[in-house]
Amino acid sequence: MRNVVEQLVEEVFDHCRNNQDGAPADYIPELAAVDLDSFALCLATSDGHLYAHGDADRPFTIQSVSKPFTYALALSEHGMDAVAERIDVEPSGEPFNEISLDPVSGRPRNPMINAGAITAAALIPGSDVAERFEHLRSYYSRFAGRELSLNEAVYTSEARTGHRNRAIGHMLRSFDIVDGDPDEAVDLYFRQCSIDVTCRDLAMMAATLANNGRQPLTDDKVLDPELTRRVLSVMTTCGMYDAAGDWVTAVGMPAKSGVSGCVLAVLPGQVGVAVFSPRLDQHGNSVRGVAACRELSRRLELHFLRVTREARSTIRSSHGVDAVPSRQRRAPEERAVLDRHGSRARVYELHGDLLFAGTEIAVREITAQSDNLDALVLDVRRVDDVSAVAHRLLARMRLALAEQGCESALIDPERRGTPAHDERVFDDLDAATQWCEDLLLERHGGGVRIPTKIDLPAHPLLRGLGQTDQDHLIGEFAIREYGMDEIVVQRGSPRSGLFLVLAGQVSTTLPGIDGATHRVTTLGAGMSFGEIPMLVGGEILADTRADTPTRLAVLSPDRFDRLTAAAPQLKLLLLERLAATAYGQLDSVFRIVAGQGDLG
Ligand code: DON
């Protein structure tokens with residue numbers, strides 16, 4: 001099947017291919033020696049997939065599209081402040097080769113016009129122009145993901161005719177914007193403009209900028225994200241020179257054009273676009289290149305000011321722990337406390353990219369609930385990127401909650417959204433819910449806590465029986481001790497008996513579809529398991545293992561069965577109690593399922 005994105009890009013290419021408007025640059029003679037009908041359109045995604053149409057591999061010189069990359073290298077070498085002392089970031093509204101500096105600061109208005117670009121070139125370190133050019137060439141190659149080279153013919157042609165740029169270079173020297181030999185700076189600039197690229201190369205260079213400065217195919221971190229943002233900002237306001245206003249309005253992407261007839265555009269985080277078509281308009285921008293970018297932006301909805309949707313809360317869901325209990329089996333008196341106070345512990349599941357707007361809505365919603373909360377859990381497993389401001393807002397909210405007595409925790413198995421020092425982080429919803437329940441029982445339980453160990457006569461299954469019945473039943477049970485992590489009953493084995501927990505803790509687990517082992521329930525003293533297979537037969541459905549050193553009273557299947565003849569009334573009483581226990585377990589499972597409880 002043909003990729004429909006491929007088809008859409010091709011439709012844009014076909015929509016523009018008959019546009020013959022404009023004329024090639026001729027002030028650099030070699031530039032006019034090209035096939036004027038050359039036309040290529042490439043789109044590269046920020047993860048490196050390339051859609052290419054037309055003359056995508058035809059070489060041409062990069063010209064002014066080089067300027068953002070030299071500016072990037074100057075920023076990397078000297079930092080934003082030092083470069084800003086030499087080059088401003090203001091759109092000039094003038095043609096790219098205007099011989100002018102800002103009348104107040106004496107600086108070139110921006111690095112996208114020739115005056116700013118020559119200044120940026122002058123900032124590239126090296127012992128001579130050859131070393132400095134090699135520094136630039138290799139840096140551009142890192143963005144492209146392949147080795148680029150100089151087009152000697154175009155370089156010679158421009159060096160021979162580049163008088164205006166030499167005038168700009170000496171003007172910069174006269175204002176001490178450029179130190180050292182201005183002719184060397186201008187020569188380096190001529191060389192950078194004469195590097196051969198293809199439309200495919202430019203699309204990958206654009207994709208690297210779209211990918212926050214990391215080359216998507218080589219994974220080379222070419223430019224720091226903060227500097228990437230700076231370069232893209234200046235491209236947005238200045239990249240298309242005195243056509244910048246129309247470009248931002250109609251296309252809406254940071255861009256840079258070149259007189260060889262190329263245009264490079266970037267939608268940060270999404271795509272890089274490149275077009276090659278030599279005929280230019282009066283601003284020195286490729287006519288078909290601009291038309292193709294306009295059409296692509298319209299059809300693919302690429303405009304960066306397009307609000308894909310109003311800011312929506314990053315809260316995917318929220319619930320109280322009374323609605324979705326943990327799998328820690330609770331004694332009836334504990335369950336009563338949690339039913340009454342469970343809404344005072346809430347779990348908020350966040351999703352998507354946590355940027356300011358969505359985080360603000362979540363903070364606002366949680367803050368509105370905060371007076372009624374003893375515990376808050378933020379489940380960030382479905383969160384993608386977390387912006388710095390989102391981290392700060394959530395950390396400050398948690399601190400403020402703690403100051404008013406509400407403890408908080410994260411569910412963050414990959415520890416992505418968790419500050420390093422944060423110790424209260426859980427791998428799954430069940431563990432976080434159990435923490436909430438224990439906190440609520442501590443605060444509202446009035447001392448209600450199940451005993452950590454009991455004697456067999458005090459077990460709820462036997463409690464309250466007549467002495468004869470109780471003595472009879474006690475005589476049927478065997479007492480067994482299990483060590484930590486020791487398996488008690490194995491999934492798939494036949495019914496193994498009725499187990500009463502007298503001391504310690506056991507958990508029943510099942511393998512999940514994700515390959516992980518998931519807790520089904522955890523039982524403590526006074527609880528029982530194995531009832532259902534004893535009642536209905538069939539094999540054991542899940543492993544049960546001792547979480548701690550555990551003492552169990554076990555009624556074997558044979559003795560259970562023999563009770564029917566030996567003590568039918570007692571057996572009936574036992575069955576009624578087992579059925580009630582089994583129902584209690586079902587209630588807990590129903591709550592988890594009904595609350596869309598995470599079965600993970
Ligand atoms: O300096 C020049 O005139 C050329 N080397 C580059 C100018 C350019 O690409 C202007 N952009 N459209």
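Helix α9 (residues 199–210) lies across β1, β2, β7 (262–267) and β8 and runs at about 155° to β8, where helices (H or I, at least four residues) and strands (E, at least two) are DSSP runs numbered from the N terminus. Such angles run from 0 to 180 degrees between N-to-C directions, the axes being lines fitted to C-alpha atoms, for helices over the stretch in contact. Helix α12 (residues 287–300) also packs on the sheet, where it touches β1, β7 and β8, and its direction makes about 150° with that of β8; contact means heavy atoms within 4.5 Å. The model is a predicted one, in which local features need pLDDT of at least 70 and side-chain atom pairs count only at pLDDT 80 or more, whereas totals for chains, interfaces and linings use all residues. Residues are numbered from 1 along each chain as its sequence is written, and side-chain values use heavy atoms, with hydrogens and water left out.

The sheet itself is open and consists of five strands in the order β2-β1-β8-β7-β6, with antiparallel pairing, two strands being paired if DSSP finds at least two bridges between them. Because β2 (50–54) and β6 (255–258) stand at the edges with a single partner strand each, one side of each is left without a neighbour in the sheet. From one strand to the next, the twist averages 10°. Strand β1 (residues 40–45) is joined to strand β8 (residues 271–276) by six bridges, and the two run antiparallel; within this pairing, Thr45 has Val271 in β8 as its bridge partner. Five bridges join β1 to β2, again in antiparallel fashion, and here Ala40 is partnered by Gly54 in β2. The two strands β1 and β2 form a hairpin with four residues between them, and Gly48 in the turn has a positive phi of about 100°.

A search of the whole structure finds nine aromatic pairs, counted where the ring centres of Phe, Tyr and Trp (its six-membered ring) lie within 6.5 Å, with planes under 30 degrees apart classed as stacked, over 60 as edge-to-face and the rest as tilted. The rings of Phe69 and Phe143 have centres 4.8 Å apart and planes at 70°, so this pair is edge-to-face. Since Phe69 lies in helix α2 (residues 67–78) and Phe143 in helix α5 (residues 129–144), the pair ties together parts that are 74 residues apart in sequence. Both Phe69 and Phe143 are buried, a class defined by under 20% relative accessible area, against over 50% for exposed and partly exposed in between (1.4 Å probe, protein chains only). Phe69 and Phe143 also belong to one aromatic cluster with Tyr139 and Tyr140.

For Phe96 and Tyr241, the ring centres are 5.4 Å apart and the planes stand at 45°, so the pair is tilted. This pair links distant parts of the chain, 145 residues apart, with Phe96 in the loop between α3 (80–84) and α4 (114–122) and Tyr241 in the loop between α10 (225–238) and α11 (244–250). Phe96 and Tyr241 are both buried.

Over the chain, the secondary structure comes to 20 helices and 21 strands, and 52% of the 600 residues count as buried. The C-alpha trace spans about 115 × 55 × 45 Å along its principal axes. Of the contacts in the chain with a separation of 6 or more, 73% are between residues 24 or more positions apart.
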